[in-house]
Amino acid sequence: MAELQELTALELAAAIRRREVSPVEVAVHTAERADRLGPQVGAFVTMTPELAIEQARAAEAMLASGEALSPLLGVPCPIKDLTRVAGVPYSMGSAAFVGQVADVDDGVVTLLRRAGTIMVGKTTTPEFGLPCYTEPDIAAPARTPWDLGRSAGGSSGGSAAAVAAGIVPAAHGSDGGGSIRIPASACGLVGLKPSRGRVSPGPHAVNGPGVASHGVLTRDVRDTAALLDVLSASWPGDAFRLPPPRASFLAACDSPPPTLRVGVLTTPVIVDDAPVDQACLDAVAATATLLERRGPSDE
């Protein structure tokens, strides 16, 4: 088996189900890497080793019970510090809220708990998630592990740094104007902002203008699909709600692509004279070419 940090979330969960590694061993391994690498990349504002071990032991009990298991059981998945985890500090990247402790789990945290993921800590975010970089007053700045002199982006910069550094295979994030996608680009990850109404902010938060959406950062498209399956649930009072997909997002990864119209935008829409790095333009062009080639054949 490959080193634990090299496995995708689904590969790690499969190794756990085969009893090649235990959830507690995974939690301990993750905590060691977080302690060693987390400060270098500014990944975490709070670590929760006791909660992680508690959840890992619960996952081991589920394994021993023989009941149907989640495809993500035992996978570490930290939570961005704009989202509440009951009993864990919740500062939203702001010095004004240092010492505040959440009294409830936000809905996405409830869903990730039910899926058997392990909450190893809260990831760094800028104050209230507003900037497109992650440099809060209360924690070290988030840096891409590929070049510690450069930003991991924002506002899910800590989550991206944790995944890119191989501390965890997946991390929760949220995105209003690029807060998942910008860190994914800066750190070489998969970053999807789900459509409005796909992932609910409820039951304790509200949609507001409906711009922001919860999601994840991963190193693998299938991991993103599997976690989107977990997070795609509605709560009472949702202002926006999409119909459920005809099949799981994970299953769709192995289905032939339908006919699609894909728009390509390479000019910033907010600041139209902002420079776009040539590497990003090249990646967009390569992706567009790949999608064209994978489209319906003439046969």
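Guide: What follows takes the topics one by one.

Guide: This is a predicted model, in which local features need pLDDT of at least 70, side-chain atom pairs count only at pLDDT 80 or more, and totals for chains, interfaces and linings use all residues. Residues are numbered from 1 along each chain as its sequence is written, and side-chain values use heavy atoms, with hydrogens and water left out.

Visitor: How much space lies in the second largest pocket?

Guide: The second largest pocket holds about 610 Å³. On a 1 Å grid over the protein atoms alone, a pocket is an open set of points with protein on both sides within 12 Å along at least five of seven lines, and lining residues have an atom within 4 Å of a point. Grid points are joined across faces, edges and corners, and a volume is the space filled by probe spheres set on the points.

Visitor: Which residues lie nearest its centre?

Guide: Leu-82, Ser-174, Val-206, Ala-212 and His-214, out of 28 lining residues. Strand 4 (170-175) and strand 6 (213-218) are the elements that give two or more residues to this lining. Helices (H or I, at least four residues) and strands (E, at least two) are DSSP runs, numbered from the N terminus.

Visitor: And the lining by class?

Guide: Twelve nonpolar, eleven polar and five charged residues. Here Ala, Val, Leu, Ile, Met, Phe, Trp, Tyr, Cys and Pro count as nonpolar, Asp, Glu, Lys and Arg as charged, and the others, Gly among them, as polar.

Visitor: How many cavities of 30 Å³ or more are there?

Guide: The search of the whole structure finds three. A cavity is a set of grid points where a 1.4 Å probe fits but cannot get out. The largest cavity has a volume of about 90 Å³.

Visitor: What lines the largest cavity?

Guide: It has 14 lining residues, with Leu-4, Gln-5, Thr-30, Ile-167 and Pro-169 nearest its centre. Helix 2 (residues 23-41) supplies the largest share of that lining, four residues. By class, the lining of the largest cavity has eight nonpolar, four polar and two charged residues.

Visitor: Switching to charges. How many salt bridges?

Guide: The count is nine salt bridges, each being a side-chain nitrogen of Lys or Arg within 4 Å of a carboxyl oxygen of Asp or Glu. One of them joins Asp-81 and Lys-122, with the closest N and O atoms 2.8 Å apart. Asp-81 lies in the loop between strand 2 (79-80) and helix 4 (107-114) and Lys-122 in strand 3 (residues 121-123), so this pair ties together parts 41 residues apart in sequence.

Visitor: Are Asp-81 and Lys-122 buried or exposed?

Guide: Both Asp-81 and Lys-122 are buried. Buried means under 20% relative accessible area, exposed over 50%, and partly exposed in between (1.4 Å probe, protein chains only).

Visitor: Which residue does Asp-175 pair with?

Guide: Arg-181, with the closest N and O atoms 2.8 Å apart. Asp-175 is buried at 1% relative accessibility, whereas Arg-181 is partly exposed at 39%. Glu-20 and Arg-18 also form a salt bridge, at 2.9 Å from N to O. Glu-20 is partly exposed, with a relative accessibility of 41%.

Visitor: Backbone next. Where are the cis peptide bonds?

Guide: One joins Gly-154 and Ser-155, with omega about 10 degrees. Ser-155 is in the loop between strand 3 and helix 5 (157-164). Another runs from Gly-202 to Pro-203, with omega near 5 degrees. Pro-203 sits in the loop between strand 5 (190-191) and strand 6.

Visitor: Why list those at all?

Guide: Because most peptide bonds are trans, and most residues other than glycine have a negative phi.

Visitor: Which non-glycine residues have a positive phi, then?

Guide: Met-92, at about 55 degrees, and Phe-128, at about 60 degrees, are among them. Met-92 lies in the loop between strand 2 and helix 4 and is buried at 16% relative accessibility. Phe-128 belongs to the loop between strand 3 and helix 5 and is partly exposed at 37%.
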